[in-house]
Structures are given as C-alpha cells and as structure tokens.
Amino acid sequence: MSNVVKRTILVLLALSFITSVTIFMFSHRGGEARVQAAPAVVPLSNYFGSDNDQFYALLASEGFFRWSYQYQSGGNTCSPAVVIPGKILFEVSNSSSTAVQALSNIDGSLRWSFPFPAGTSGKNGIAVANGIIYFAVNSSTSAGSIYALNTQKGSVAWTYTAPTSDQSFGNPLVVNGIVYAAEKSSSGGNPKLYALDATTGALDWAHTIPAAAATNLASANGVIYFGDRVSSLYAVSATDGTSIWSSQVDGGPVSTPTIGNAIIYYASATNYVTAVKASDGTLLWHYLVNKPFAPTVSPALSGNGVFIGSTNLNMYGLQASTGTLLWKTKIGVPITTTAGIKNGIIHVGLQKGTLRTLNVSDGKMRWYYHTNGTIATSSPPAEG
C-alpha cells in the first residue's frame, strides 16, 4: 500500500471520529454555557424563573447551566413551573401584562404563549391535570374567570366566569376531576368555594365558606384546607364546601398549608412552624423562628422531616412528628421559596437571586447558582 493511500485512510478515520463527537461546554454558578447538541434524554433539572427577566434550566446534580429563556421586560414568574412530557409550563407577569408560557424542556425555546386579556392579571399559580392547564384571570373592573387550556398548543378548552363583576378567584386546585377555586367579593359579599367539572368547566356547586381564602388551597382525604392570612386555618368538605372546623393556632397560615400523615404543617402568622391535627386543627407542636415567613414559603416534607426557610436567613430541618430541631443552617439572605426536594437534596431560592442546595440529612450546603435577580419560586427537580 502506497504512503499516499495510507495517509488518505488515516485522514478519513480522523474526520469520522471528530464528526461523531458531541461537544458540551458548561460553566458553573452563574456563568454562560453552550450546548451544541441536545441530549437524547432530558436530565434531572431545576426549572425556575428570576425577576431578571430570565427562566433557567440547570442540571440538578451539580448546578451546571443548561439553558435560559428571556421573557418579557420587567417580568417575573411566581408560579412554580410544572413539567410535563416535552414542556415546562409557568405563569409570567410584569407591571402591565400576564401570560402563561410553555417552553421546550430540551432547549428552552418557546412552544406557545397565552397572553391574558387586556386589563387582567393572574394569581401567579397554575394547576395541570390530564393534558389541561388551569389558572385564574382577574380584573379590577369585571368578573374573574377560571381558564382551562390544552397543554399541547395552548388553545382554550373552556372558561368559567363568576356571576357578578365584583368577584375574583384564587389559584385553582384540581382533585379527582374537579377544579376547586376560592372566590371573594370586592364589595364585601360572602366568599364562596366553587367546584367545576375539570373537563367541561360546568359548575357542580358553589358554597359559602367561613372566610376569604388568602392562601392557596390544599387537599387530602376529601377535605380542602386554606388560611385567611389573618388568624385562622379552615377545613371544608370537598364534596359540598360545608365547614368542618377552623383553628386559630398560631394565627393560622401565611402560605399554602402542607399535608402529610394526617398532619397539617404551615408557616404561621406568629412566626412558628406549626403542626396541627388534620382531624380537628388542634396543636401537635410548633417551633419558633422569630421572624416572618415569605408568603411564597411553605413547609416541605421529605422522609421524617419538615424543611423550611425563613426571612431570618436560616434554613431549618425539623422532625415531622415532634418538631424537634434536626439542624439549622445559616444561609445569610432571606429565603423566598418553598424547598424543592429530590434524591435527598434540598433546592431553595433566595431573595438575592441564588438557587442554593443543601443535604436533607444534615443541612450541609452543596452547590449554588446566582441569577442577579430575586427567585420567588422553585420546584423539585424534574426529568423530561
């Protein structure tokens, strides 16, 4: 074989090897990154937005940057992102407009956007079930509505509008094919809980509730729980909205109650992490943190622990059954999101724009990623 032929074969082999290699370039903790080819399988990732006009995807294992998406100027997402096959869904708003957006989970490209009608705003929360996304649309001059969109293309499946112009809705909750939404009246009318058919939007019932719901709704075992953010936690029937009990322990919750093992956990108005019986609202235990909780922060459950961050700059791990302190870690800035927990790792957003991770077992800090903007919400890492 001649030298010319040998050299030609070697060059062809080298070119074949080079073209078969996919190059990934990453940087860590707030830097930029390029991914020149999309991974075949979407890895476990953190998805969250910041008020620096960016929505982020990070590798959950080490916090490496995957991609970011720039939304409207002055925008921020306060709804936890919901991950479904192929898409990430969230609500984004600025001072003048609100929209629900769907991004590709592979590269962050916009799949569809649904702008709210002019002069309306959202409650910064969405619910997704069986290929439908549900959210509240409210106005200061007209009746509030619940919208249902198809997740595939963002087309409207149905809408339900409140009977009178002074009514508005809170964030919806979907349980067993029923959409629940708490309503309140700007003219001082009695607040109601509405139950709508999740497929058609038809009204099943509307029942007066003891107080206007100021927190999101939570549900377990046929009961719906909410707080009025003034003094009380309420339990009402998911069947017809009738009152079951109310509890004034520690001033009630300032954020969405968390339910686990027949116990309701909440961040209280009097600066306690509080646990009450789901059956009647009586106190089981409470743990004082001495400073208020952000209204976007609720207790998170994992294993036998309850995990929550405070504006007192600390993250806490508490024994779920007794409230005994397992560990306390000083983060150094106010914590503004409910902890997302996956594979023994806590993921939590901070007021000064950092996503921070800690061990569930001992509170030891792991990696962080800085965004230069406040993070109002984050979700447990997700695949797909």
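Guide: What follows is a short chat about strands, the pocket and a few single residues.

Visitor: Before we start, how are residues numbered, and which pLDDT limits apply?
Guide: Residues count from 1 along each chain as its sequence is written, and side-chain values use heavy atoms, with hydrogens and water left out. This is a predicted model, where local features need pLDDT of at least 70, side-chain atom pairs count only at pLDDT 80 or more, and totals for chains, interfaces and linings use all residues.

Visitor: How many helices and strands does the secondary structure come to?
Guide: The protein has 1 helix and 35 strands. Both are DSSP runs, numbered from the N terminus: helices are H or I with at least four residues, strands are E with at least two.

Visitor: What share of the residues is buried?
Guide: Buried residues make up 52% of the 384 residues. Buried means under 20% relative accessible area, exposed means over 50%, and partly exposed lies in between, with a 1.4 Å probe and protein chains only.

Visitor: On to sheets. What is the order of the 4 strands in the open sheet?
Guide: The order is β6-β7-β8-β9, with antiparallel pairing. The edges are β6 (82-84) and β9 (110-115), each pairing on one side only. Neighbouring strands here are turned by 20° against each other on average, direction ignored. Two strands pair if DSSP finds at least two bridges between them. Angles are between N-to-C directions, from 0 to 180 degrees, and axes are lines fitted to C-alpha atoms, for helices over the stretch in contact.

Visitor: How many bridges join β8 to β9?
Guide: There are 5 bridges between β8 (residues 98-104) and β9. Q101 stands opposite S113 in β9.

Visitor: What about the open sheet of 3 strands, which order does it have?
Guide: That one runs β3-β4-β5, with antiparallel pairing. Its edge strands are β3 (45-50) and β5 (65-70). β3 and β4 (residues 54-59) pair over 6 bridges, and S50 has Q54 as its bridge partner in β4.

Visitor: Now the largest pocket. How much space lies in it?
Guide: About 1500 Å³. A pocket is an open set of points on a 1 Å grid over the protein atoms alone, with protein on both sides within 12 Å along at least five of seven lines; lining residues have an atom within 4 Å of a point. Grid points are joined across faces, edges and corners, and the volume is the space filled by probe spheres set on the points.

Visitor: Which residues are closest to its centre?
Guide: Of the 50 lining residues, P80, N171, N216, T256 and S298 are the closest to the centre.

Visitor: Which element gives the most to the lining?
Guide: β17 does, with 3 residues. By class, the lining has 26 nonpolar, 20 polar and 4 charged residues. Ala, Val, Leu, Ile, Met, Phe, Trp, Tyr, Cys and Pro count as nonpolar; Asp, Glu, Lys and Arg as charged; the others, Gly among them, as polar.

Visitor: Switching to L196. Is that residue buried or exposed?
Guide: L196 counts as buried because its relative accessibility is 1%. L196 is in strand β18 (residues 192-197). Leaving out residues up to four places away in sequence, its contacts include I146, W158, Y160 and L203.

Visitor: And A339, buried or exposed?
Guide: A339 is buried, at 9% relative accessibility. A339 lies in the loop between β31 (325-330) and β32. A339 and S379 are 40 residues apart in sequence and 7.5 Å apart in space, C-alpha to C-alpha.

Visitor: Last topic, backbone. What is the phi of N290?
Guide: Phi of N290 is near 75°, a positive value in a residue other than glycine. N290 sits in the loop between β27 and β28 and is exposed, with a relative accessible area of 58%.

Visitor: Where is N372?
Guide: N372 is in the segment after β35 (365-370). Its phi is near 65°, again positive in a residue other than glycine. N372 counts as exposed, at 66% relative accessibility.

Conventions: Contact = heavy atoms within 4.5 Å. 1 Å grid on protein atoms, 1.4 Å probe; cavity = no way out; pocket = protein on both sides within 12 Å on 5 of 7 lines; lining within 4 Å.
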